[in-house]
Amino acid sequence: MQGQFFEAKNRLSMRYALRFACIWMSALGAVVAAAGLFTAETALAALSLLLIPLAVLTQALLRSQHWQAATLLFCWGNWALATATIGGSGGMAAMAFPVWLVIAVWLLGTTQALCMLGLSALALLLFWTTGYLDAAAHNPGLAALLYALGSLGLAAAITLMARLSLSHRAQKSLDMLALLEESQQELRKFHRAVEQSPESIVITDTALNVIYVNDAFLARTGYAREEVLGQPTELVSTMGMDRSHRRRALEQLASGAVWRGEMSNRTRSGEALRESVLVAPIRSSQGQVVNYVELKHDLSERVLADRRIHDLVYLDPLTGLPNRHSLVLHLRELATGAQSACHGLLLLDVDRFSVFRDAHGMQHSDELVRAVGMRLVEALPDNVWIARLAGAEFAMLFENLEPHGQAAEQRLRQQAQALKLALQKPLHLRGRLETESVSCCMGAALLEPGAGGADQQEVLRFASVALHEAKQNGPGSVMLFEPRMAEEVHKRMRIARDLRSGIPLGELRLYLQTQATARGVCVGAEVLVRWQHPQWGLLSPVEFIEVAEESELILDLGGWVLRQACLLLAQPVFAERGLRLSVNVSAIQFGHEGFMPALQAVLRDTGANPHLLTLELTEGVLLRDWDEARTRILALRELGIEIALDDFGTGYSSMYSLKQLPIQELKIDRGFVSGSHGSATDAALVEAMLLLARRLHLRVVAEGVELPVQAERLQQWNPDIVMQGLLLGEPLPQQQWLAEVLGAPDSLQQP
Ligand code: C2E
Ligand code: CA
Ligand code: CA
């Protein structure tokens with residue numbers, strides 16, 4: 001251990017004490033030397049004189065800040081001189097030993113002081129055995145005086161040092177107090193930081209019982225402080241860590257490392273709490289672990305954000321079911337796995353959903369989709385994977401149905417039947433009192449174990465082809481994919497492509513079909529389009545109108561027909577004979593914003609008389625947007641154009657709409673006309689329609705009159721009826737019609 005001096009070596013007070021001692025010793029040396037010379041004690045005088053250079057040297061070392069060397073020299077040098085003087089002083093100088101020992105304890109520390117004690121004892125033993133002490137001084141009186149003086153000075157130095165050391169201790173206590181205050185201030189700062197931290201902080205003892213939690217912990221978990229203090233952390237804080245994890249974490253902590261990890265903890269009410277946790281040991285100044293601190297960062301927000309992103313990507317927001325993207329991924333997964341039995345993919349689409357949406361609005365149709373989704377989930381076994389694809393279209397994947405295709409097909413059909421029945425039961429829509437029940441079309445495709453990867457990925461396309469085919473078949477149809485369906489899809493794509501190039505190339509043809517009274521007087525014609533396909537020959541509109549309606553092609557096609565019809569109508573023969581032309585207008589064409597301006601431009605360009613033009617609309621036009629349709633029809637009436645309701649009786653015509661709209665003509669569908677002479681029901685229906693038309697003062701055109709008996713009947717019911725059909729003539733190319741029906745000279749026929 002170091003002596004006081006070294007501990008406080010840079011303390012001015014201690015240095016002054018040592019300097020005082022040095023001056024005192026040199027003064028003593030001088031006095032003793034003078035007295036020695038006076039009493040002829042030359043040896044004593046010489047030795048005493050040595051005290052002076054010793055003191056000077058010590059002073060020099062002190063000045064050059066070699067504290068340790070100065071102290072060592074001072075203590076040991078004086079001790080050595082005292083020892084050497086023992087003989088001359090008659091042993092009296094030995095009495096200086098205790099003084100030097102005390103000084104040594106003060107200045108050099110206990111180890112060196114003990115060393116000095118041992119050496120002093122050895123010297124005394126040596127002097128005593130060698131008889132050195134017996135050769136006592138000649139002048140013991142002087143020796144006693146000098147010893148007294150020396151001790152006095154040294155005692156003064158010791159007292160001074162003791163005083164100074166005392167004040168040093170007081171200083172030290174003050175310093176300690178200041179330090180304590182400082183560290184307390186520091187502690188308060190840390191405490192406040194911990195208290196206010198937005199992260200949960202928990203401190204446990206080494207037995208992992210909670211001894212401290214901050215406010216953030218309480219706020220996040222919902223515990224009260226008294227509920228957690230003293231509780232094991234695994235019950236209230238780190239419950240998400242299982243036993244083996246905890247053991248490993250403790251091992252890691254014991255090795256002095258910090259443990260980090262993520263875990264799912266729980267709040268007081270049992271809610272999940274995803275947290276990233278850091279546990280660190282707290283050590284005492286001796287290096288022992290005395291506590292553990294847990295710093296916990298709440299990941300719930302991140303987890304929520306992750307989940308939200310996941311939901312956006314993979315789930316349909318309306319029904320909460322997986323979306324198309326999920327289905328595609330799932331199918332891809334299936335395609336890569338081993339397959340031992342057939343999987344079946346069933347697509348379901350609610351019939352006439354767009355009609356429902358137009359009639360009831362977005363909100364109710366969303367509710368309908370949601371209700372259908374829920375009903376499907378209820379009706380399906382748990383292992384069936386269900387997704388919403390679009391609109392009211394759902395996909396259901398039946399995995400491992402049956403090992404063999406035929407049995408799987410059978411099962412799929414049964415499932416489809418069960419779903420159909422489930423959807424027929426009333427559906428309750430939120431925000432609506434009335435219940436709904438829906439019918440649906442379904443298309444299915446099988447994934448057989450032997451099928452290649454390509455086929456597996458195509459299954460969705462196959463099923464949607466089958467669904468498309470089912471929809472063509474009418475409401476409630478279910479179709480299983482057959483390879484020929486794919487061919488049809490290809491054909492439709494080809495039609496769309498060829499039509500796109502064919503219209504500008506002039507491949508469309510205008511045909512006319514006569515409309516005449518019961519007495520055979522021609523009153524006009526219906527304009528019917530044909531397509532002269534370069535490879536397939538002349539095509540009926542039945543083969544391409546629907547494809548055209550799936551894209552904007554119908555606008556080009558309809559525009560062409562309208563222009564050709566007006567060019568024809570502009571010929572004087574029509575005005576002269578008061579003949580009318582009826583042009584079919586598709587619902588899409590009619591609903592398009594450019595329809596009215598285009599029509600007006602055509603009338604202006606061709607000079608056709610709008611009063612001779614009839615536009616044939618189907619009820620689909622009215623269903624799309626009733627108000628808009630009514631406005632448009634009124635605008636057409638302003639121009640003088642007449643409106644015919646085509647295919648009357650097949651759609652959803654309400655008497656109300658007939659009454660509300662300025663319609664001039666009803667076209668009774670071919671289906672009723674052809675049955676009117678055989679089926680009593682059809683006959684009754686046609687009669688009723690004719691009655692209705694008479695009440696509403698509408699002209700009636702009966703389509704598809706093929707037999708004289710049909711014509712007779714119709715004439716009986718309504719003598720003013722206009723007829724159109726094979727009986728009166730098939731549709732003819734426009735020039736041929738003009739020549740044959742009107743007998744117009746060739747010069748007039750070419751528009
Ligand atoms: P639609 O408007 O009902 O036209 C009547 C259809 O019945 C015509 O078929 C006509 O050829 C056929 N038809 C006439 N009399 C008889 C008959 O006595 N017996 C039988 N079995 N059929 C008869 P087409 O020309 O094939 O037209 C089919 C449908 O294509 C039309 O039905 C119409 O909806 C649509 N369409 C035709 N031309 C156009 C057009 O220029 N624009 C639009 N948007 N659609 C058109
Ligand atoms: Ca028509
Ligand atoms: Ca028709």
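I started with strand 7 (residues 385–390) and strand 8 (residues 393–402), which run antiparallel and are joined by five bridges. I take strands as DSSP runs of E of at least two residues and helices as runs of H or I of at least four, numbered from the N terminus; two strands pair if DSSP finds at least two bridges between them. The model is predicted, so I note that local features need pLDDT of at least 70 and side-chain atom pairs 80 or more, while totals for chains, interfaces and linings use all residues. Residues are numbered from 1 along each chain as its sequence is written, chains are lettered from A and ligands numbered from 1 in the order written, and side-chain values use heavy atoms, without hydrogens and water.

**Sheet**

I looked up the turn next. A390 has E393 in strand 8 as its bridge partner. The hairpin leaves two residues between strand 7 and strand 8, and G391 there takes a positive phi near 45°.

I then traced the sheet around this hairpin. It is open, has five strands in the order 7-8-6-11-12, and its pairing is mixed. Strand 7 and strand 12 (478–480) are at the edges with a single partner strand each, so each has one side without a neighbour in the sheet. From one strand to the next the twist averages 20°.

Inside the sheet I checked strand 6 (residues 342–350) against strand 11 (residues 440–447): they run antiparallel, with eight bridges. D349 is opposite C441 of strand 11. Helix 14 (residues 324–336) packs on the sheet and touches strand 6, strand 7 and strand 8; its direction is about 135° from that of strand 7.

**Helix pairs**

For angles I use axes fitted to C-alpha atoms, for helices over the stretch in contact, with angles from 0 to 180 degrees between N-to-C directions. Contact is heavy atoms within 4.5 Å.

I found the axes of helix 5 (residues 67–85) and helix 6 (residues 96–107) coming within 10 Å and crossing at roughly 170°. That makes helix 5 roughly antiparallel to helix 6 (under 35 degrees is roughly parallel, over 145 roughly antiparallel, 65 to 115 roughly perpendicular, the rest oblique). On helix 5 the contact residues are T71, F74, C75, N78, W79, A82 and T83, and on helix 6 they are A96, F97, W100, I103 and L107. I read this contact as nine nonpolar, three polar and no charged residues (Ala, Val, Leu, Ile, Met, Phe, Trp, Tyr, Cys and Pro are nonpolar; Asp, Glu, Lys and Arg charged; the others, Gly among them, polar).

Helix 19 (residues 541–549) and helix 20 (residues 553–569) have axes 7 Å apart and pack at about 125°. That makes helix 19 oblique to helix 20. F544, I545, A548 and E549 of helix 19 meet L553, I554 and L557 of helix 20. I read six nonpolar residues, no polar and one charged.

**Calcium sites**

I counted as donors N, O and S atoms within 2.8 Å of the metal (3.2 Å for Na, K and Ca); water is not among the atoms, so sites may look incomplete.

The calcium ion (ligand 2) is coordinated by E526 (OE), N584 (OD1), E616 (OE) and D646 (OD) at 2.1 to 2.3 Å. E616 is in strand 17 (residues 613–617) and D646 in strand 18, so the pair ties together parts 30 residues apart in sequence. E616 and D646 are buried (buried is under 20% relative accessible area, exposed over 50%, partly exposed in between; 1.4 Å probe, protein chains only).

D646 in strand 18 (residues 642–648) and E703, in the loop between strand 20 (699–702) and helix 29 (708–717), are 57 residues apart. E703 is buried. D646 bridges the calcium ion (ligand 2) and the calcium ion (ligand 3), which lie 3.9 Å apart.
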